[in-house]
Amino acid sequence: MAVELYADFFREIYDSTGWNFPFLYEQYEYDRFLEGMWVSLKLIVASLAFSLVVGIIGAWAQGAESKFVRYLIAGYIQFFRNTPPFVQILFFYFVLGNLVPSYDAGGYQVGYIDSFGWAVISLGFFAGAFNTEIFRSGIEAVPESTVEAAEALGYTRFQSYLHVVFPLAFRVCLPALNNNLVNLLKTTTLAYGIAVPEMMYTANQMWSDNVNVPEMMIVLFIFYVGLVAILVYGMHKWEQNLKIPGYG
Amino acid sequence: MDKTEVMLNRAKSRAHGPMTDLPVLLPVAERVRRAALIERREGTYRLNMQPRHAVCVVALLAVAVGSAQAATTAGLIGPLEAMWKWMGFILVGPEGAFTGFSLNLIISFFAMVIGTIAGAALGLMQISLLLPVRRGSWIVTQFFRNSPWLVLLFTIMLLFPFEIDLGFVVIPVPDWMKAVIGFSLPIMANISEVVRGAVQSLPTGQWESAESLAFTRRQTMWMIILPQCIKRMIPPWINWYCILTMATPICSIMGVEESVSYTAQALNAEGDRPELIPVFYAFLLVIFFIYTYPIARWSIQLEKKFAFKT
């Protein structure tokens with residue numbers, strides 16, 4: 001087991017300095033910690049992915065013929081932009097969670113969508129509102145004449161979208177998208193409020209059991225600031241790699 | 001291109017990345033890029049509230065009330081009546097307590113005051129001529145900017161003492177005051193970046209001409225640079241206040257008696273009727289919207305007024 005390799009070292013540290021990192025020397029705490037980290041990463045990836053899907057669908061629907069659909073999307077964007085995200089999560093979990101059918105899980109009712117699912121949905125819609133605007137303006141930025149030029153070269157509608165419009169639009173979107181994704185990463189901690197067993201929640205359980213608040217706080221800061229740093233660094237590199245010389 | 005244009009483009013590309021004379025894309029691309037850069041510097045998105053957005057929020061409340069009205073069984077009080085009954089409680093708490101929504105406002109106000117003062121100092125440290133000061137303040141700024149608010153809030157809530165003993169007097173620190181400190185930390189870091197960005201956005205000519213008029217660095221800063229920066233800093237500063245106000249509900253997780261905690265309590269007192277839950281949460285969204293709306297509008301107006309006038 002991985003823990004046994006360095007368990008003695010950290011137990012030693014605890015005995016000599018009082019700095020208690022139980023997840024580094026105890027199997028049970030180690031498993032719990034990894035589980036929390038895993039749920040957190042899943043939550044982040046799932047809500048990022050869902051927000052991108054919402055953004056793509058939203059941007060597509062905003063170009064719809066129907067005025068009603070366009071107003072609906074505009075209303076959705078403004079609603080999610082201008083209200084507190086934490087209240088949005090509670091709204092989804094308590095209000096819509098009540099409307100979803102539930103099943104009997106041995107004496108108590110469990111909804112088909114659990115708190116993790118609601119966190120992904122509400123965070124996805126929150127960030128998706130921003131993504132919708134970002135994607136729409138990205139597509140708007142590509143001139144009609146570029147598409148026409150592609151058509152003149154024999155591209156089909158789909159090919160011109162895939163090889164011409166999307167690569168250009170994506171480069172326009174990327175900086176704004178990065179800002180939004182970093183913001184979303186930080187917002188995922190709010191899922192704690194509806195008891196999603198992610199990193200924050202696990203840390204809370206661990207410091208309740210072991211009375212080691214400062215140590216767990218340090219771990220939390222390292223975890224989140226580290227994740228933000230990785231995301232920012234990766235996205236920045238990506239932006240630079242995608243840059244076309246002489247363009248924009 | 002004449003010489004001034006070349007220089008202008010060079011200055012622009014220093015500030016915003018390379019420019020070109022032959023744009024491949026429509027002007028909207030440039031707008032998106034600018035907005036993304038501003039957002040990156042200011043650390044948050046700009047609230048852009050318009051009159052028609054109020055309609056959306058009110059429509060949600062109306063739908064919630066309407067469906068609750070239909071679901072209310074005989075003998076129980078209706079949604080409007082329930083809302084009326086608990087409105088005072090959610091807005092100001094029990095008599096004389098200043099809790100509920102008023103506590104959200106108190107927390108946001110004090111957090112903004114502390115965050116602004118500390119952030120201005122930190123921002124000025126970031127443009128110090130001393131390398132250790134500059135580096136140190138940069139690290140502090142980046143750390144608090146990139147930590148999730150909830151983690152910062154938990155840290156302060158759990159690690160800050162519940163009373164401060166000054167020897168001759170013991171100052172109690174209630175939970176809401178800890179929340180103020182917890183919220184002021186990310187505000188401090190972001191205001192610090194706003195200050196740094198505003199100072200650095202001024203053309204270097206301002207510094208050079210001040211120097212040629214024999215102003216000292218301190219005089220240049222206080223008499224020439226900062227007065228010009230204030231205008232640039234006010235719209236993002238107001239925007240941050242709105243974002244902060246909308247973030248205050250998260251301290252309900254730690255049991256601070258603000259509007260979200262009270263909404264849950266009010267719902268509980270009404271027997272957790274499922275049809276009332278949407279009504280109360282929608283009401284909450286409406287009051288936050290009503291409060292932030294005029295402030296966000298004001299910020300947009302100021303932004304327009306200050307644009308191109310430096």
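This is a predicted model: local features need pLDDT of at least 70, side-chain atom pairs count only at pLDDT 80 or more; totals for chains, interfaces and linings use all residues.
Residues are numbered from 1 along each chain as its sequence is written, chains are lettered from A and ligands numbered from 1 in the order in which they are written, and side-chain values use heavy atoms, with hydrogens and water left out.

**Figure 1. The elements of chain A.** Chain A contains 9 helices and 2 strands, where helices (H or I, at least four residues) and strands (E, at least two) are DSSP runs numbered from the N terminus. Read from the N terminus, their order is α-α-α-α-β-β-α-α-α-α-α. Chain A is more spread out than a compact globule, because its radius of gyration, taken over C-alpha atoms, is 23 Å, well over the 18 Å that the globule rule gives for 248 residues. That rule is 2.2 Å times the number of residues to the power 0.38. Along the principal axes, the C-alpha atoms of chain A fill a box of roughly 75 × 50 × 30 Å.

Figure 2. Of the 248 residues in chain A, 52% are buried; buried means under 20% relative accessible area, exposed over 50%, and partly exposed in between, with a 1.4 Å probe and protein chains only. Among contacts (heavy atoms within 4.5 Å) in chain A with a separation of 6 or more, 70% join residues 24 or more positions apart.

**Figure 3. Cys242(B) and Cys251(B).** The sulfur of Cys242(B) has its closest cysteine sulfur in Cys251(B), 17 Å away, which is too far for a bond. Cys251(B) likewise has its closest cysteine sulfur in Cys242(B), at 17 Å. Cys242(B) counts as buried, at 0% relative accessibility. Cys251(B) is also buried, with a relative accessible area of 0%.

**Figure 4. The surroundings of Thr44(B).** In chain B, Thr44(B) lies in the loop between helix 2 (27-42) and helix 3 (51-71). With 8% relative accessibility, Thr44(B) counts as buried. Leaving aside residues up to four places away in sequence, Thr44(B) touches Glu39(B), Asn239(B), Trp240(B) and Ile243(B).

Note on methods. A disulfide is a pair of cysteine sulfur atoms within 2.5 Å.
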